[in-house]
Amino acid sequence: MRIAIVGFGRMGRMVYGKIVESGVHTVSAVIDPYAEGPGITSRELTADALASSDAAIDFTAPEKALENIGIYAEASIPAAIGTTGWYERMDEAKAIVERKGARIICSANFSIGVAIFLQLVEEAGRLIDRSGGYDAAIEEIHHRGKADAPSGTALMAAERLISAMHAKTGIIRGNPEGRIPDDRIGISSLRVGHVPGTHTVTLDGEDDTIEIRHTARSRSGFASGAIKAAEWIACQEPGLYTMDDFTSALHGGI
Ligand code: NAD
């Protein structure tokens with residue numbers, strides 16, 4: 001497949017390296033308005049810049065996500081969107097995809113390990129809902145350059161817990177007013193150094209604490225997952241898909 005890399009920052013470069021190293025696909029375009037270095041084929045994402053591509057992988061900036069989805073839709077290029085921090089506008093993305101018959105997969109985390117982590121979190125939430133007696137909180141740690149907080153992955157973990165636990169109805173970021181209401185899941189975000197991404201779900205009871213943690217060792221897992229997602233979306237019917245749709249299609253689910 002000929003893959004366009006949109007956004008040539010930390011993630012775009014990792015995806016580029018993986019595609020070149022594996023030799024299975026080729027990089028047809030590298031699009032970034034600001035990035036330095038050789039290999040950039042266009043400074044602007046347009047249908048023309050995507051003309052010789054079969055799919056795009058997008059790791060750019062939250063404020064560009066919807067506009068970019070519109071361009072992929074217009075150009076009929078299937079796309080895997082890894083950009084986070086814009087999900088409150090997902091309904092608008094869905095409307096664009098439906099109107100234009102686009103093929104888009106969006107995920108805050110393309111790592112297969114995180115897909116497994118999220119399933120474990122949901123199952124733990126279900127068990128705790130049955131047994132009672134445990135509270136839940138989420139902590140995420142990322143590098144200093146991360147644009148959004150909480151991370152999209154922490155929000156996905158919270159959604160899984162809320163769907164499984166009757167006692168939880170929403171999230172709260174940090175503890176701005178001191179005490180956290182009982183029905184909220186506290187999410188704390190730490191930004192330091194170069195951490196690619198660590199997420200810990202803590203389930204705390206009177207007698208013990210259960211922790212479920214995913215630690216990314218590098219960005220490699222996100223990049224490999226994004227390439228697999230791009231291969232997959234290129235063969236789907238038009239629609240807006242999630243990582244869950246993709247992983248459940250893999251060998252009947254993971
Ligand atoms: P980064 O800041 O290193 O790179 C972003 C790049 O996008 C920059 O080079 C910037 O110049 C470029 N850019 C900005 N607007 C653009 C546009 N309109 N067209 C093309 N390029 C544009 O950031 P990063 O660490 O590579 O992360 C990018 C996004 O991916 C963030 O939202 C981050 O949270 C997310 N992310 C997702 C996953 C995942 O698995 N889904 C994993 C890691 C990071």
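Biologist: To begin with a single side chain, is Phe-8 buried or exposed?

Modeller: Phe-8 counts as buried, because its relative accessibility is 7%. Buried means under 20% relative accessible area, exposed means over 50%, and partly exposed lies in between, with a 1.4 Å probe and protein chains only. Please note that this is a predicted model, in which local features need pLDDT of at least 70 and side-chain atom pairs count only at pLDDT 80 or more, while totals for chains, interfaces and linings use all residues. Residues are numbered from 1 along each chain as its sequence is written, and side-chain values use heavy atoms, with hydrogens and water left out.

Biologist: How many aromatic pairs are there in the whole structure?

Modeller: The search finds five aromatic pairs. One of them joins Phe-8 and Tyr-16 in an edge-to-face arrangement, 5.6 Å centre to centre with 70° between the planes. Rings of Phe, Tyr and Trp (its six-membered ring) pair if their centres lie within 6.5 Å; planes under 30 degrees apart count as stacked, over 60 as edge-to-face and the rest as tilted.

Biologist: And is Tyr-16 buried or partly exposed?

Modeller: Tyr-16 counts as partly exposed, because its relative accessibility is 30%.

Biologist: What of Trp-232 and Phe-246, then?

Modeller: Trp-232 and Phe-246 form a tilted pair, 5.6 Å centre to centre and 55° between the planes. Trp-232 belongs to helix α6 (residues 220-233) and Phe-246 to helix α7 (residues 243-249), so the pair ties together parts 14 residues apart in sequence. Helices (H or I, at least four residues) and strands (E, at least two) are DSSP runs, numbered from the N terminus. Trp-232 counts as buried at 15% relative accessibility, and Phe-246 is buried with a relative accessible area of 2%. Ring pairs also link Tyr-241 with Trp-232 and Phe-246 into a cluster.

Biologist: Changing topic, why is helix α2 described as largely enclosed?

Modeller: Eight of the 11 residues of α2 (residues 65-75) are buried, so the helix is largely enclosed by the rest of the structure. Among the buried ones are Leu-66, Ile-69, Ile-71 and Tyr-72.

Biologist: What covers the buried residues of α2?

Modeller: The cover includes β1 (2-6), β3 (55-58), β4 (79-81), α3 (90-100) and β5 (103-106). Just after α2, Ser-76 takes a positive phi of about 55°.

Biologist: Now the ligand: how many residues surround it, and which are the closest?

Modeller: The ligand is surrounded by 23 residues, the closest being Arg-10, Met-11, Asp-32, Thr-84 and Phe-110. A residue is near a molecule if one of its heavy atoms lies within 4 Å of it.

Biologist: Which N or O atoms lie by a nitrogen atom of the ligand?

Modeller: A backbone N or O atom of Ser-107 lies 2.9 Å from a nitrogen atom of the ligand, and one of Ala-108 lies 3.1 Å from a nitrogen atom of the ligand. Taken alone, the ligand exposes 870 Å², of which the protein buries 84%. Accessible areas come from the Shrake-Rupley method with a 1.4 Å probe; for residues, only the protein chains shown count as cover.

Biologist: Finally, how many helices and strands has the chain?

Modeller: The chain has seven helices and 11 strands. Buried residues make up 45% of its 254 residues.

Notes
Contact means heavy atoms within 4.5 Å. A polar contact is a pair of N or O atoms within 3.5 Å; within protein, one must be able to donate a hydrogen and the other to accept it, and residues adjacent in sequence count only if both atoms are side-chain atoms.
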